[in-house]
Amino acid sequence: MSVSFPILLVDADATLALGRDLGHLVQAGDVLALIGDLGAGKTTLTQGLMQGLGYQEEVTSPTFSIVQEYRGGRLEVFHFDFYRIEEEHELLDLGWDDYLDRDGVIIVEWPALHPDLLPKNTRWLKLSHQDEGRLIEEV
Ligand SMILES: Nc1ncnc2c1ncn2[C@@H]1O[C@H](COP(=O)(O)OP(=O)(O)OP(=O)(O)O)[C@@H](O)[C@H]1O
Ligand SMILES: [Mg+2]
């Protein structure tokens, strides 16, 4: 199975389903940068991805904690939100480089705020609002 973009996601269930597909496909060391306005579906996609990796627990935006760590699925997941990060050193102090070395899956919401931190192998996905649903494309 592979995923080819762009995809029109007609409702939240479609976002979840795509996330689940991605959850089956991701591999250790993958970095996904999720671009999109407020409410574009970044966390919903992440929720689906977590389901695809076999996690049952609820996934929320990590806005207030910067990173949420999940263990117990097929791969560890480190879910970041750069929204409130003002300076790169805040992330570096948190051990950003170590996270990159941990062979988990890294998911970043609001990555464009600190693009220089994202490694070369990052897959950049952009979600945007449509009249109905959302469009997701690789950028
Ligand atoms: N394809 C879709 N069509 C319509 N609604 C959707 C779609 N995908 C997700 N949603 C809904 O959009 C709302 C916001 O989604 P979500 O919280 O995932 O956005 P977000 O990009 O993480 O926002 P934030 O920037 O605030 O973290 C939710 O109610 C979700 O169910
Ligand atoms: Mg979110």
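1. The expected span here is 1.5 Å times one less than the number of residues, and helices (H or I, at least four residues) and strands (E, at least two) are DSSP runs numbered from the N terminus. The model is a predicted one, in which local features need pLDDT of at least 70 and side-chain atom pairs count only at pLDDT 80 or more, while totals for chains, interfaces and linings use all residues. Residues are numbered from 1 along each chain as its sequence is written, with chains lettered from A and ligands numbered from 1 in the order in which they are written.

2. The buried residues of α1 are Thr 15, Leu 16, Leu 18, Gly 19, Leu 22 and Gly 23, where buried means 20 or more other C-beta atoms within 10 Å of the residue's own, exposed 12 or fewer, and partly exposed in between, with C-beta atoms placed from the backbone. Seen down the helix axis, these buried residues fall within an arc of 165°, so they line one face of α1; the arc is that of the directions from the axis to the C-beta atoms. Their cover includes β1 (7-9), α2 and β7 (134-138).

3. Around ligand 1 there are 17 residues, the closest being Ala 12, Gly 41, Lys 42, Thr 43 and Thr 44, on the criterion that the C-beta atom, placed from the backbone, lies within 6 Å of the molecule. The elements that give two or more residues to this shell are α1 (12-25) and α2 (42-52).

4. Gly 73 sits in the loop between β3 (67-70) and β4 (77-81), and is partly exposed because 19 other C-beta atoms lie within 10 Å. Leaving aside residues up to four places away in sequence, Gly 73 touches Met 50, Leu 53, Gly 54 and Tyr 55, contact meaning C-beta atoms, placed from the backbone, within 7 Å.

5. As a whole, the protein chain holds 4 helices and 7 strands, in the order β-α-β-α-β-β-α-α-β-β-β along the sequence. Its radius of gyration is 14 Å, close to the 14 Å that the globule rule gives for 139 residues, so the chain is as compact as a globular protein of that length; the radius is taken over C-alpha atoms, and the rule is 2.2 Å times the number of residues to the power 0.38. Of the 139 residues, 35% count as buried.

Technical notes. Contact = placed C-beta atoms within 7 Å.
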